[in-house]
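Morning, everyone. I'll start at the ligand and then move on to charged pairs.

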Amino acid sequence: MTSSQLLGLTIIGYLIASAVYIATFLFKTPKAGVVATVITIATFLAQTAGIILRWVESYEMGIGHAPMTNMYESLVFFSWAIVLFYLYLEIRYKNRLIGAFTMPFAFIAMAYASFAGNIDQQIKPLIPALQSNWLIAHVVTCFIGYAGFAVACGLGIMYLLRRRTSNTDTKSLINSLPALKTIDDLMYRSIVFGFLWLTVGIITGAIWANSAWGTYWSWDPKETWSLITWFIYAATLHAWFTRGWRGRKIAWLSIIGFVAVIFTYFGVNYLLSGLHSYAG
Amino acid sequence: MKNNSIINFFASVKLALFLLFVLAVTSIIGTIIPQGKSADIYIKEFGEKTASLFQILDFTEMYSSWWFVTLLLLLCVNLIVCSLKRIPGALNITGDSNLEIDVDRLARRKDHKDLPTSLSNQEAGHKVAKALKGSGWKTREKQRNEGLLLFAQKGAWTRFGVYIVHSSILVIFVGAMIGNIYGYKGTMMIPETTTKGAIYSFDRQEEIELDFQILCKKFTLSRYPNGAPKEFISDLAVIEDGREVLTKTIEVNDPLHYKGHTFYQSSYRGLEKLLATIQNNQENIATKVLIDPGKEATWRESNVRFGVVNRAGTQEPGLFRYKVWFFDGSGQPQTFWITGGDTTTVKTENGSYTFGLKQFYATGLQVAKDPGVWTVYIGFFMMMGGLYVAFFLSHRRLWVLIKENGGTRVLISGNSNKNKSGFAQDFEETTRKVEKELQ
Ligand code: HEM
């Protein structure tokens, strides 16, 4: 097996898992949920193996580096982190319906990484500025944070859906979802989780920039957008713990915040220009 | 009263939310409009009118504009005033006022337990304090009308995690200011074998003299098999008062530090010139000569004349072979091919020479003097530590009321500001120990 075969399988695995999770939700078939979990775990293991193998392959090519250095690799890691975080939630809170709202993100990240015309999947040598452990730490921490925000966004959508029908129809599909209070609580936790990792991500990024160029902050578009994202979530958290914002407002903020995350990653690469242009 | 309303304005979290929102939104401007370009570029791209509007609003260098810096300063003032206003509250919640608590509230808490005992008030008080001490709770006590009240807490200091985070933002800000005021950035292009004593600063658009000089002894470029650059390496030396005081081989991510300046390997330029090294193997003398392709060069001591007359590519992009013409006055002039970076032996009628040829480079250095970096790093460290404390560590409090109510009764009650389920377990364990002690 090569890493690209394993990662190819991952796309299919996450597609099926997402479909089964959604079916579990739509047709109220809890048993199917078990299947979804099994597929997710198996695929997750295959993906983990794929990432490790890609690492090994880069050494065999004589350009060894951790698989965290370009758009493709970071998206694969993003999807991996989403699944890891989701599995934690599923096991900890014993609820599979969240999968219907978060696993699609993992699938989309993988599918986009593999099929978007402008993303190069080759293992490429690194230019000197990128050969740094700080860079690896930066990419890993940022994407763990983004995974938390992706899950928070999924939960936000779930919350808004759940809320629309909450009291009217007790037998409706939507009411099989977790209680609003639970979703609300998970949303907050996911945002805190994401915020902590994003903070560490921005800091390691600054240290990396300083070690490579002697400037820890240069207001290039990507840096600035990550700071914008950070401001949005900082505001969200303050609204939570000092103004008592809950529920609908937080759900919207978690969606808006995730839009900023996506823009930091894609918008900046495709619409704006800057230092991080390597990531294309 | 008026004074108070100003303070309340700056202490409000509403202002913080507003500022964070405005900062997030206005920051977008500078990611869309390229920053720090020259005026004519904006005119070309956006038209005369829009460009002059940009100038007026400082959109072309917005992150250092008066209005953006004002927003950041407002955020700092907001933080300071808000934190100062709340610190007394935090001190209160961790201090002796806990012994003044309204005891009716104790039994209303989620985590509480009422234990009857046959001991006297005094004895029960001693035993409870002892049991709690065994679990790491140090008690204080006060005789209240309702009975004897004991209080103990753990992690009181974690209430201040928030303030560590908030101060870290100020520390980072101060570090950035120090860098702005006392630091500068610039670049140097130093051709191999030469020395430079000044850097060119972008911000100031002028040369800045250093009180020492940098010598580039050698630049090496290594490549991946596909030709992409793998490493840039410069052998540098610091020259002060004509003496070499420090040598260091730098590469990207491994800079040279000297007198508050940091020299980063950032780029290189292949120069037209080639560097030839010739050693006369009989007389054991050697020289280094810079030559332009197509021009003749001479080495007097050995009476050698030579030149590079042609160039051809190799398998490796960026690496060339050179055709060299060589004549030491004896016999016929010779021609041979040599690959850049190699050496070869040249035999003539009267002599033998070791001849090496190498592409000549100028190393591109980024130079930074930023005395604020360590302050910023301390701020980073505080922020991460503070966030950890603020989100993961909790302040746990325990009260015990021992009252006479037809026999002694011990009411234990506690709470935690975070991780309530963890506290519930802890509470249960602690009450069990107290119960045992009381029997
Ligand atoms: C963007 C920068 C900021 C960051 C990263 C930040 C971070 C934090 C954190 C981590 C907490 C702790 C939450 C907890 O205890 O669970 C907190 C609480 C708080 N922050 Fe900020 N903060 C920022 C800006 C501000 C500003 C500008 C204000 C100005 C009013 C402010 C006011 C507060 C208040 C009032 C609390 C609640 C404190 C308490 O629980 O007593 N923050 N902040």
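Start with A:His238. A polar atom of its side chain sits 2.7 Å from a nitrogen atom of the ligand. Keep in mind that this is a predicted model. Now look at B:His166. There, too, a polar side-chain atom lies 2.7 Å from a ligand nitrogen. Next, B:Arg86. An N or O atom of its side chain is 3.4 Å from an oxygen atom of the ligand.

Where does the ligand lie? Between chains A and B. There are 20 residues around it, and among the nearest are A:Phe241 and B:Ile169.

What kinds of residue make up the shell? It has 14 nonpolar residues, five polar and one charged. Which helix gives the largest share? Helix 5 of chain B, with five residues. From chain A, helix 7 (221-243) is one of those that supply at least two.

Now the salt bridges. The count over all chains is 16. In general, side chains of opposite charge can pair when their charged atoms come close.

Take B:Arg144 and B:Glu146. Their closest N and O atoms are 3.7 Å apart. B:Arg144 counts as buried, because its relative accessibility is 14%, under the 20% cut-off. B:Glu146, at 38%, is partly exposed.

B:Lys248 is partly exposed at 27%. B:Asp254 is partly exposed at 31%.

Last pair: B:Glu296 with B:Arg305, at 3.2 Å. B:Glu296 has 48% relative accessibility, so it counts as partly exposed. B:Arg305 is partly exposed at 34%.

Definitions and conventions
Residues numbered from 1 in each chain as written. Chains lettered and ligands numbered in written order. Predicted model: local features only at pLDDT ≥ 70, side-chain atom pairs only at ≥ 80, totals over all residues. Heavy atoms only, no water. Near = heavy atom within 4 Å. Polar contact = N/O pair within 3.5 Å; in protein donor to acceptor, adjacent residues only side chain to side chain. Helix = DSSP H or I, 4+ residues; strand = E, 2+ residues; numbered from the N terminus. Nonpolar A, V, L, I, M, F, W, Y, C, P; charged D, E, K, R; others polar. Salt bridge = Lys/Arg side-chain N within 4 Å of Asp/Glu carboxyl O. Buried < 20%, exposed > 50% of the residue type's maximum accessible area, 1.4 Å probe, protein only.
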